[in-house]
Amino acid sequence: MQLEFRHLRVLLTVAEAGSIRKAAARLQLSQPATSAQLKRIEHELGGPLFVRGADGVKPNETGQYVLRCARDLVVGFDRLREHARAAAEADTGTVAPLRAGGTAGPLVSLLVSALFELVPENRLTIDARRSVHTLVKALSQSKCDIAVFGEFPGFPLPVGDAVMTRTLLREPVFVLLAEDHPLARRERVSLRELSDEEWVMPEADESGVHAYLHLTCQAAGFTPRVAHVTPDLSVAQILVAGRRAVCGVWPSAEVPAQGTVQRPLADVPFHRRLQLAWNPESVPAELADAVGERLLTAYLSLVRERPRYLAWWQDGGADFALGTEG
């Protein structure tokens, strides 16, 4: 086998995932195929690069050196490709800004950071929307080139047949409780235990968030009482801290309200799929792949900054989030 550039990305994915099984899910390959490819790469490079164990794989000393070189090569190649393309377009006078978008939240900032690494800033415009309907309409009408958004199970968003999508991961919904709520002492909370609570929710929109809450709670044996509706999280936090409501929150977001705590819900009854969508006429496949890789890496760094989310992730949540179970 002759070592190719794509093999470096396989090595980096295995190292970042920490296991062949999780790497296979990210690469959208079977575990045996990923394992066999890794062995061929190691053979081509002269020997093992990872130490295999019951808890996953870790790079050995040689592997650490190879990975450092691989990262430098991948980053350098991406920059070379994008700058060369930008220079060629500038010469022909056909430079058009890449239009990026998303719904408000931490994922948009991760997308912007990823694109700033890959696309010269003078070729990038950002349009972050509160309304997911406005965003997907822009995608379907080719008025947006690349975007990130959340999509609830059973409520697909109409991005248009020409738009490509990729699920980055599945993000759970945690419940926000008052710190003196009896359930706040639990490590995890059953959805059914919230049957007597009043809920505070964001505005109903085309994402189906209210219908999703009702269907999921009804499957758990009760109908939720949505007593408060507000687009402002700070208002929701005041209601929760005062024991007047509970609400769902994304564990990746910073929720610093005094007097409240986040708790994961047992069995992950609520979640959303974090989607990367792009127009293939304006976004090359290799750029979309590079953006997806950077988004996932940046998101995992964000997980490590959220102690409660990190604990959930390490206690089996990673398998759910990365799609290796369920």
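Val268 counts as buried, at 15% relative accessibility, where buried denotes under 20% relative accessible area, exposed over 50% and partly exposed the range in between, computed with a 1.4 Å probe on protein chains only. The model is a predicted one, in which local features need pLDDT of at least 70 and side-chain atom pairs count only at pLDDT 80 or more, whereas totals for chains, interfaces and linings use all residues. Residues are numbered from 1 along each chain as its sequence is written, and side-chain values use heavy atoms, with hydrogens and water left out.

Val268 lies in the loop between S11 and S12; helices (H or I, at least four residues) and strands (E, at least two) are DSSP runs numbered from the N terminus. The phi of Val268 is positive, near 50°, in a residue other than glycine. Ser142 likewise is not a glycine and has a positive phi, of about 60°. This serine is found in the loop between H6 and S5 and is partly exposed, with a relative accessible area of 36%.

Ser142 follows helix H6. In H6 (residues 132-140), the buried residues are Val132, Leu135, Val136, Ala138 and Leu139. Viewed down the axis of H6, these residues fall within an arc of 155°, so they line one face of the helix; the arc is taken over the directions from the helix axis to the C-beta atoms.

Helix H3 (residues 31-44) comprises 14 residues and spans 20 Å from its first C-alpha to its last, close to the 20 Å expected at 1.5 Å a residue. The expected span is 1.5 Å times one less than the number of residues. Thr34, Ser35, Gln37, Leu38, Ile41 and Glu42 are the buried residues of H3. They fall within an arc of 165° when seen down the helix axis, so they line one face of H3. These buried residues pack against helix H1 (5-17), helix H2 (20-27) and strand S1 (50-53). On the face turned away from the buried side, H3 carries the exposed residues Pro32, Lys39 and His43. At the start of H3, a side-chain oxygen of Ser30 comes to within 3.2 Å of the backbone nitrogen of Ala33. After H3 comes Gly46, with a positive phi near 100°.

An open sheet is formed by three strands in the order S10-S7-S11, with antiparallel pairing; two strands pair if DSSP finds at least two bridges between them. Strands S10 (247-249) and S11 (260-264) stand at the edges with a single partner strand each, so one side of each is left without a neighbour in the sheet. From one strand to the next, the twist averages 40°. Strand S7 (residues 174-178) pairs with S10 in the antiparallel sense over three bridges, and Val249 in S10 is the bridge partner of Phe174.

Helix H8 (residues 233-241) packs on this sheet and touches S7, S10 and S11, its direction making about 55° with that of S7. Axes are lines fitted to C-alpha atoms, for helices over the stretch in contact, and angles run from 0 to 180 degrees between N-to-C directions. Helix H10 (residues 307-321) lies across S7 and S11 and runs at about 10° to S11.

Conventions:
Contact means heavy atoms within 4.5 Å. A polar contact is a pair of N or O atoms within 3.5 Å; within protein, one must be able to donate a hydrogen and the other to accept it, and residues adjacent in sequence count only if both atoms are side-chain atoms.
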